[in-house]
Every structure is written in C-alpha cells, then in structure tokens.
Amino acid sequence: MTSTKLCRVVVLISGGGTNLQALIDAQQSGELPVQLTAVISNRPGVKGLQRAADAGIPHGILDHKAYESREHFDEALIQLIDSHKPDLVVLAGFMRILTPAFTGHYLGRMLNIHPSLLPKYQGLHTHQRAIDAGDSCHGVTVHFVTAELDGGPAVVQAKVNIFPEDTADTLAQRVQAQEHIIYPLAVKWFASGDLLMENGLSLLNGELLPHCGHLIDHSG
Ligand code: GRF
C-alpha cells in the first residue's frame, strides 16, 4: 500500500456544477488521484450541491446574502475552506468577485475556469461577445487566481471553432465539453506537483508555460 498523501481539494460552486461533476467522474474513475474534501456553494438549492451529495462529498452553503460586506463574507469563507485543510481551492462556476485578502490567502493554490480565450473577454457573456465580435474561434482557460479578475497566469486553454450558425448556447455547449476535459487535467497537474505558480507565472514540469498556457487547439 502506498502512503502517498492525496492532494486535498475544496471546490467552490454557485450553480449547476457540471465542472464539479467532471472532477468527481475523473476522481472516481481513478484518472484524478485527489481527495475531493468539500464542496461549498454561496447559493442554496443549486444542482452542484446534489452532485456532491450523490458522490458522498461533504458539502455546505455559505450564503453571501447573510453578510453585510464582501470583506466579511470572504473572511467567513476563508475560515470554512481552511477548516477542510485544502492543498488546492478550485473555483468551478463560483460567481463571486473576490477580495484581495481572499485571493492573497490562496495565491498559488487556487484555480479558476473562465469560458474565453483569456486575456480576451474577461467577465460575463463571453460566448455572445465572441460571436458579436465576429471571432472565428473561442474557448476556455484554466488559470491561477490573482487579485485581477480573470487575470491570473493561464495554465491550459482549449480552442474551438465558431461556426456561422452558432448561437451563444450552441457555442457554450462546445466550450463546456472542453471545460470538462481541461479542468480535471489542470487539477491533476497541480496535485502531482507538476504545475505551480512562481513569480506570477505558471510553470509545468519546471518549464514556463506560454502566455495562453498549454494550448489544446481544436480550431481550424
Ligand atoms: C462554466 O462555464 C465556467 O467556465 C464558468 O462558469 C460555468 C460553470 O458551469 N466559470 P458549471 O456550474 O460547472 O456547470
């Protein structure tokens, strides 16, 4: 029996949790050797919480509406997360702007997934914005979280075509299929110690990653 300690991962969600499900599936199939230690949602009643329950993962709600300020909520969230002693915090559709105190606390050990080819289209409505701009391709980025919204160093990016008949919904589906591949991959790299953030940059196997991260290109 190996005594290797598994990377403890806390996942933060606000909604449906399909990315959480991709992590659960990868973990359960043996592809992703981590311990999904807890799932925390800032919104009650979301499907992601049921997914955690179904997988037997401890889960809880910390409702931001119960806090008078962003700072107070983030302080309480840090306490709750840290009670699970995570090695890595994974934001999986966690729809909150984070305070610098929060991002600083988890610097180098917190990942986010954002549905665009960062640095393009930080913020919301990324699929429609890419279509409206007449872009020929779009995608998704996993990145380390820093104080800058959707601005930390990229780890891995998947690129897909935009077709003339695409709507924001059809494009979102194509992008989400890639999300569910690259997020478990990035978490696996981190858990194995192959991926780290140093001096504001992403390193994989000791090599500096390019600005867009490791690129998986399905466009063209
Ligand atoms: C995903 O599109 C992700 O890129 C974005 O929020 C969405 C979360 O979806 N950050 P889900 O809750 O994982 O289904």
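Which residues are around the ligand? In this predicted model, they are Gly16, Gly17, Thr18, Asn19, Gly93, Ile113, Pro115, Gln176 and Glu179. The ligand sits in the largest pocket. Two helices, α1 (18-28) and α6 (168-191), are the elements that give two or more residues to the shell around the ligand.

**Make-up of the shell**
- Sorted by class, the shell around the ligand has six polar, two nonpolar and one charged residues.
- Domain 1 (1-106) and domain 2 (114-220) each supply at least three residues to this shell.

- Glycine 17 has a polar backbone atom 2.8 Å from an oxygen atom of the ligand.
- For asparagine 19, a backbone N or O atom lies 2.8 Å from an oxygen atom of the ligand.
- Glutamate 179 takes part through its side chain, with a polar atom 3.0 Å from an oxygen atom of the ligand.
- On its own the ligand has 370 Å² of accessible area, and the protein covers 82% of that area.

- Proline 119 lies in the loop between β5 (110-114) and α5 (126-132).
- The peptide bond that joins leucine 118 to proline 119 is cis, and its omega is near 15 degrees.
- Histidine 125 is also found in the loop between β5 and α5.
- The phi angle of histidine 125 is near 55 degrees, which is a positive value in a residue other than glycine.

Methods. Residues numbered from 1 in each chain as written. Predicted model: local features only at pLDDT ≥ 70, side-chain atom pairs only at ≥ 80, totals over all residues. Heavy atoms only, no water. Near = heavy atom within 4 Å. Polar contact = N/O pair within 3.5 Å; in protein donor to acceptor, adjacent residues only side chain to side chain. Areas by Shrake-Rupley, 256 points an atom, 1.4 Å probe, with all protein chains shown as cover. 1 Å grid on protein atoms, 1.4 Å probe; cavity = no way out; pocket = protein on both sides within 12 Å on 5 of 7 lines; lining within 4 Å. Sits in = over half its atoms within 2 Å of the grid points. Helix = DSSP H or I, 4+ residues; strand = E, 2+ residues; numbered from the N terminus. Nonpolar A, V, L, I, M, F, W, Y, C, P; charged D, E, K, R; others polar. Domains from an automatic or database assignment.
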